[in-house]
Amino acid sequence: MVISIFGLGYVGCVSLGCLAKNGHQVIGVDVSPFKVDLINRGVPTILEKDIDTIIKDGFDKGKISATMCADEAVLNSEVSIICVGTPSSPHGHLNLSYIFKTAEQIGEALQEKEEFHTVVIRSTVLPGTNEKFGEIIEKVSGKKRGKHFSVVSNPEFLREGSAVKDYYRPSVTVIGGDHKEAMSKVASLYSCIEAPIEITDIKIAEVIKYVNNSYHALKIAFANEVGNVCKALSIDSHKVMDLFCKDTRLNISTAYFKPGFAYGGSCLPKDLKGFVTLGHDNYVCTPILGCIDASNENQKKMAYETIAKTGKKKVCFIGLSFKEGTDDLRYSPSVDLAEMLLGKGYHVTIYDENVRLSKLIGANKAFINEHLPHLSDLIVHDVETAIKSNDVIVINHRNFDAESYNSLLEDKHAVIDLVRINTLESLPNYEGLCW
């Protein structure tokens, strides 16, 4: 396949070399005559392990060339990969001017091209960029997206220092698009790489790099805060984190990575508060750990606001305990939400198959007596009655048999899902908390 690559910086140079190594004919495009000259002499534009050998080998085999002429590159290739820079402003906004200038150049070239052309955005861009990129090409070229060209999002996950290794051994290759043949063509570029290929929505492909890197930054900062507290206590922080990483069922795993309602229970709130206090008592600043509770409280506020905007005052909770399958009400976010609603004059009905007032004892009973002293007036033991007598249904537990009550639920003013039960999403009155 003949491929043109726009932008001969870090991602562009690595892509140029690796695609040529995989047998493709690759044309690099850049506004810098210096970079173009380097490639046309078989020299990489960056310093990176193995890339010098790969570029030289590709050049010697006649697989690599470079030009400053966008028309030449587009007219002589079937796929254009966009790797131009997207620098950040001091306020965090991306400068997408280079991206959109490239769209104009490709649009101008496509005026003269009859064959279908596939554009691949590898640069890190904001959600919505793919759509705008296509609109610019349509406006400049007079061609139609899906008929004459397609724009596919294919984010890169290359780290400086190990970029070539990362190119050939990614955890996953992400491809987002709206044209089946174009996505298949892009997927074929990775046929020699042993890694899963995930075909997804365009905006998901655009946002995933931000999610990944934000989490990586969070991990580093979290480990540093743990280290600072441990040092103040004369504890070996590296041994602590080595032990932390041995738990691959909960700590280093997919556990808890489901957007939804707030956390609660007797452990997480108490232990987080205890660790933050430990740092404070030892004069250690822990801004990330200290903000976790505030973020959790904000999720409760979002749930309240979602209910409030319905304009209805009769609300039914399906589930009250902090987790399904238990009657533990201590620090349950659902209890906090019910308490908030009652304080604002709402009529709240609660159904929880595991909560029986006569069986609440000890700290569990003391907690509910403090926060919902009139729980006996709110709780019912028949879910059908609970649903029928209210306007807004709030789902707090995943084990709710939603399908059995679909006909009842669709007649309600709103069904607000805090845990994401997929079978509910087809209801016309459905709203998820953060999806």
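Tyrosine 304 is buried, with a relative accessible area of 17% (buried means under 20%, exposed over 50% and partly exposed in between, using a 1.4 Å probe and protein chains only). The model is a predicted one, with local features needing pLDDT of at least 70 and side-chain atom pairs counting only at pLDDT 80 or more, while totals for chains, interfaces and linings use all residues. Residues are numbered from 1 along each chain as its sequence is written, and side-chain values use heavy atoms, with hydrogens and water left out.

Tyrosine 346 is buried too, at 8% relative accessibility. The rings of tyrosine 304 and tyrosine 346 sit edge-to-face, because their centres are 6.3 Å apart and their planes at 75 degrees (rings of Phe, Tyr and Trp, the last by its six-membered ring, pair with centres within 6.5 Å; planes under 30 degrees apart are stacked, over 60 edge-to-face, the rest tilted). This pair ties together distant parts of the chain, 42 residues apart: tyrosine 304 belongs to helix H12 (residues 287-308), and tyrosine 346 to the loop between H13 and S10 (helices are DSSP runs of H or I with at least four residues, strands runs of E with at least two, numbered from the N terminus). Lysine 313 lies over the face of tyrosine 346, 4.0 Å from the ring centre (NZ of Lys or CZ of Arg must be within 6 Å of the centre and within 35 degrees of the ring normal).
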